[in-house]
Each structure stands twice: as C-alpha cells, then as structure tokens.
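Let's walk through this protein model together, one step at a time. Keep the picture beside you as you read.

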Amino acid sequence: MKLYDYFRSSAAYRVRITLNLKQLNWESVPVSLLNGEQSDSSYTDIAPAGLVPALDTGENILTQSLAICEYLDEVFPGTASILPLDGLARAQCRSLAYQVGCDIHPLNNLRVLKYLKHDLGVSDEQKQQWYHHWLHKGFAALEQQLKHQGTRFCCGDTPTLADICLVPQMYNAKRFNLPLSDYPTLVAINKACNELDAFIAAHPDNSPQA
C-alpha cells in the first residue's frame, strides 16, 4: 500500500498510526503541502479534493482519514482493533474521534489558516487566537467527557480511533503553544499513546520528510 502523506498533516498522521498498529507494510509518498504539491494535477488526478492523505490499496484509491482508518480496521481485523466490539462502545468511541476530526481539526487546518492570513488579512496574533479558541472549545469538552473514565486510553486499556485522532491534535496544540494545564486527562492519554511503538514511528519528527 502507498500512503500519499505529509508529515505534519493531522489526517495523514492518523492513518500512519493505524497502519502501524495494524502492523501493515506500507510506503509513504510525500506530498508537500507547504510547496503546494497537493494542488498539482499529478496529485488531484489521484485525490480530486487536493487533500492528504490518500491511500492506494493496490486496487483502489481511498481518501478521508477516518474512512481509511475504519477500512483498515474492517479489512485487517486480526490485529489491534481500533474500535470496541460492543455497539454502544463503538458509537461512543466514534463520537470522541469525530469531535476531533470533524469539530476541531477542520477549523484549524493549513488551508483555513492560509485563507485567514492571505485572503482575509488577519495578523499572526489573530490567527493564533483563532487557533487557540477552537482548540480550547474542543479540548474542554473532551476533558469533561474523559476525566472520569479512569482508563489509560480514551476508551479503555488499548488505543482506539479516539486516541488516533487525539494524538495528532495534541501535537498541533503544542506546535501552536496552546497551554495544556486545563487538560490533564488529555495530556496523560497523549503521553501513554506516545510511549507505544506504533505512535512513535508515526510521529512527524520521525518522518524522513522532517
């Protein structure tokens, strides 16, 4: 499998973690967002929306990180399931994952920040205020939901799709200097995840692109 990948993309980071948890063989094909390679026809022929990641399974091209992660979980069920077996627990896990993937991340991804700065003319300070505002809103809700769980990870004692979404967002929060003192549960979960080989190998700092 080939993953069209940018090392700091939160969405691509999620898929790298999942591929590693599943212990699958895959190849990274770099797509530089900073250099605009996602808009080149060579890439939009593969992924018309011009977003990373895209996964070439050898037979089909899949886009959208959450869809890719769930596809990998369904097609390779034998190792490290990323969703609980119980129906209600699966829905609760998806709810946590989607809060990051659908409510926080889209407001703060690179194309939105570029639009704010270059098209609407906001200052760097205002851009950071925007970024912090939506992270605080999202993280406060997650902290409230998870603080009484008493488990090592978001949904139990093994990492799930919720953790796979949380960890890249925590990485971004640190990059943008968001104070995390109000979110001790999220910090602890992030630390537990980043002690696992699958998460370490997927970390942007460990990418050849870095």
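Which unit do E1, helix H1 and E2 make? Together, E1, helix H1 (residues 10-21) and E2 make a right-handed β-α-β unit. Right-handed here means that, with the strands pointing away from the viewer, the path from the first strand over the helix to the second runs clockwise. The helices (H or I, at least four residues) and strands (E, at least two) are DSSP runs, numbered from the N terminus.

Before going on, note that this is a predicted model, in which local features need pLDDT of at least 70 and side-chain atom pairs count only at pLDDT 80 or more, while totals for chains, interfaces and linings use all residues. Residues are numbered from 1 along each chain as its sequence is written, and side-chain values use heavy atoms, leaving out hydrogens and water.

Now look at the strands. Strand E1 (residues 2-5) pairs with strand E2 (residues 27-30) in the parallel sense, over 4 bridges; two strands pair if DSSP finds at least two bridges between them. Leu3 stands opposite Ser28 in E2, and Asp5 has Pro30 of E2 as its bridge partner. E1 is also joined to strand E3 (residues 54-56) by 3 bridges, and these two run antiparallel. There, Tyr4 has Ala54 as its bridge partner.

Finally, find helix H6 (residues 124-146) and helix H8 (residues 184-193), which pack at an angle of about 80° with their axes 8 Å apart. Axes are lines fitted to C-alpha atoms, for helices over the stretch in contact, and angles run from 0 to 180 degrees between N-to-C directions. H6 and H8 are therefore roughly perpendicular to each other, a label for angles of 65 to 115 degrees.

Methods. Parallel < 35°, antiparallel > 145°, perpendicular 65-115°, else oblique.
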